[in-house]
Amino acid sequence: MKPLADDMEKKDLISLLPDEVLISILSLLTVKEACRTSVVSHGWKHLWLFHIRILDFDDPVPMWDKYIANRDRDKFVRRVKHTLNLHQALTIDKFRVCFDLTKRYKRDIDRWFHFAFSKGVKRFELDFTPSAFVCSIARRYTFPHELFTCVKNSICINSLTSLTLKFVQVTGELLEHLLSSCPLLERLHVDNSESLVNLKFCGSSLKLKYLHIIDCSQVRSIKIFAPNLESFGYVGEIIELHVDYAPRLEDVYIGGLSLHPVNYAFLALSSYLHQLESLTLGICHFDNIKIEVPKCANLRHLKLNVSARDGECLFDLISLIEAAPLLCKFTLELTLFSLEPLKEREVRKVTNYDPNEHLKEVEIVGFVGRAIDIELIVYLLESAIKLEKIVINPCSPLLLGTPGETEELENNKDVKECAKQLKKYLPLGAEFVIL
């Protein structure tokens, strides 16, 4: 009599699982992983072709050499084309392409539009961020206006709930058309499009909840009337910003403005500051700047992305913290730039402050262990009397999520030792984490 284990080995137990279980497993896999399941067992051989509904094509390997980049682009496009030719599912939930592609591949990319929207795609993303962060406007892919505005060629976009475009040329007129034609669109993110000028996001029936316009240098004005908008982000130069109606707005990100965006942001959003729960500000900091801070009565999370010169003092930012009496989390991402050799200066101390009873978590990214960040951290540790956790990360914000992050953390041993010295200011019972 054969052992039970031998019988179990010879049986294709995976194929005995109910189809709904197999489909559930497939839904958790990437496209590449799903393709590989065809060799797992007989029951999986063609299953992924009919049931995978998330098509995410991403290759994070940087391509710095131009010849290699072109060769890899061709290979990537062929891989996408091959997968789409095999795919048999009637509908898809998400279609995403993240790769350094240009208008050279317009014919292929246009076909991806047809493919995705013919299958009722809900979330659509094209991220053509160049590997070297440089891509001339002339080489960028242009959103195929004719597919969406010409009646003869028009494709159905009724199911679209999320649209993300990075380094894709698209006009404001087309975005307005999409908003009026996509009754379910809730999320719109446009990054580095040089064709946007005057933007209007207006309509009493708009479902739009998330709107971010990032680094689109030709934008001159944005007008918003969006009853469901919850999150708004703008990074760029000072523009005419009119938020006429956004009763649900709770999350705002403003950055990239000339020198100092704080006063501008507060002025443009003055009617909504009292309801914000999360606020992110990108600040190019210089000494002797004056910040006029209104009260943010409901703010729970304040994040500051600060670029500054070594030797400056960031105490003027304390007024932002103290303007939010219910603040629970404070995040500082610090990037230092200097045209001169670093100079030591004495660490200053804040002597007049009110105890902060609500601040529970502090995160510092880009810690350099110099007066500019040490003195601000000491203030936070001494004033936040009920602090539960502080995380200090010496990695530069510019390297977060890149291959250089690990190396940066490994090479910052001296900075980490400096961070350990701050532990003596920690409130009793609080957690102290150094990455």
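**Salt bridges and strand pairing in the predicted model**

Lys303 is partly exposed, having a relative accessible area of 23%, in a structure that is a predicted model. The side chain of Lys303 forms a salt bridge with Glu333, in which the closest N and O atoms are 3.4 Å apart.

The protein chain as a whole contains 13 helices and 19 strands. Of its 435 residues, 47% are buried, and the accessible surface comes to about 22,300 Å², with 54% of that area belonging to carbon and sulfur atoms. When contacts between residues at least 6 apart in sequence are considered, 63% of them join residues at least 24 apart.

In total, 19 salt bridges are counted in the model. One of them joins the side chains of Arg96 and Asp58, with an N to O distance of 3.2 Å. Here too the pair links distant parts of the chain, with Arg96 in strand E2 (residues 94–98) and Asp58 in strand E1 (residues 54–58), 38 residues apart. Arg96 is buried, at a relative accessible area of 14%, while Asp58 is partly exposed, at 33%. Both residues take part in a network of salt bridges that also includes Asp56, Lys94 and Glu125.

A further salt bridge is found between the side chains of Glu375 and Arg345, for which the N to O distance is 2.5 Å. This pair again links distant parts of the chain, Glu375 lying in helix H11 (residues 371–383) and Arg345 in the loop between E16 and strand E17 (361–365), 30 residues apart. Glu375 is buried, with a relative accessible area of 2%.

Strand pairing was examined around strand E7 (residues 187–191), which is mostly covered, four of its five residues being buried. Strand E5 (residues 162–166) runs parallel to E7 and is joined to it by five bridges, and within this pairing Ser162 has Arg187 of E7 as its bridge partner. E7 also pairs in the parallel sense with strand E9 (residues 210–214), over five bridges, with Val190 standing opposite Ile213 of E9.

Within strand E5 lies Thr164, a residue that is buried, with a relative accessible area of 5%. The side chains of Thr164 and Arg187 are joined by a polar contact of 2.9 Å. Apart from neighbours within four places in sequence, the residues in contact with Thr164 are Phe124, Glu125, Leu126, Arg187 and His189; of these, Glu125 is also a member of the salt-bridge network described above.

Leu178, located in helix H8 (residues 172–181), is likewise buried, at 2% relative accessibility. When neighbours within four places in sequence are set aside, Leu178 is in contact with Phe143, Phe148, Ile157 and Leu163. For Leu163, which stands 15 residues from Leu178 along the chain, the separation between the two C-alpha atoms is 9.7 Å.

Methods:
Residues are numbered from 1 along each chain as its sequence is written. This is a predicted model: local features need pLDDT of at least 70, side-chain atom pairs count only at pLDDT 80 or more; totals for chains, interfaces and linings use all residues. Side-chain values use heavy atoms; hydrogens and water are left out. Buried means under 20% relative accessible area, exposed over 50%, partly exposed in between (1.4 Å probe, protein chains only). Helices (H or I, at least four residues) and strands (E, at least two) are DSSP runs, numbered from the N terminus. Two strands pair if DSSP finds at least two bridges between them. A polar contact is a pair of N or O atoms within 3.5 Å; within protein, one must be able to donate a hydrogen and the other to accept it, and residues adjacent in sequence count only if both atoms are side-chain atoms. Contact means heavy atoms within 4.5 Å. Accessible areas come from the Shrake-Rupley method with a 1.4 Å probe; for residues, only the protein chains shown count as cover. A salt bridge is a side-chain nitrogen of Lys or Arg within 4 Å of a carboxyl oxygen of Asp or Glu.
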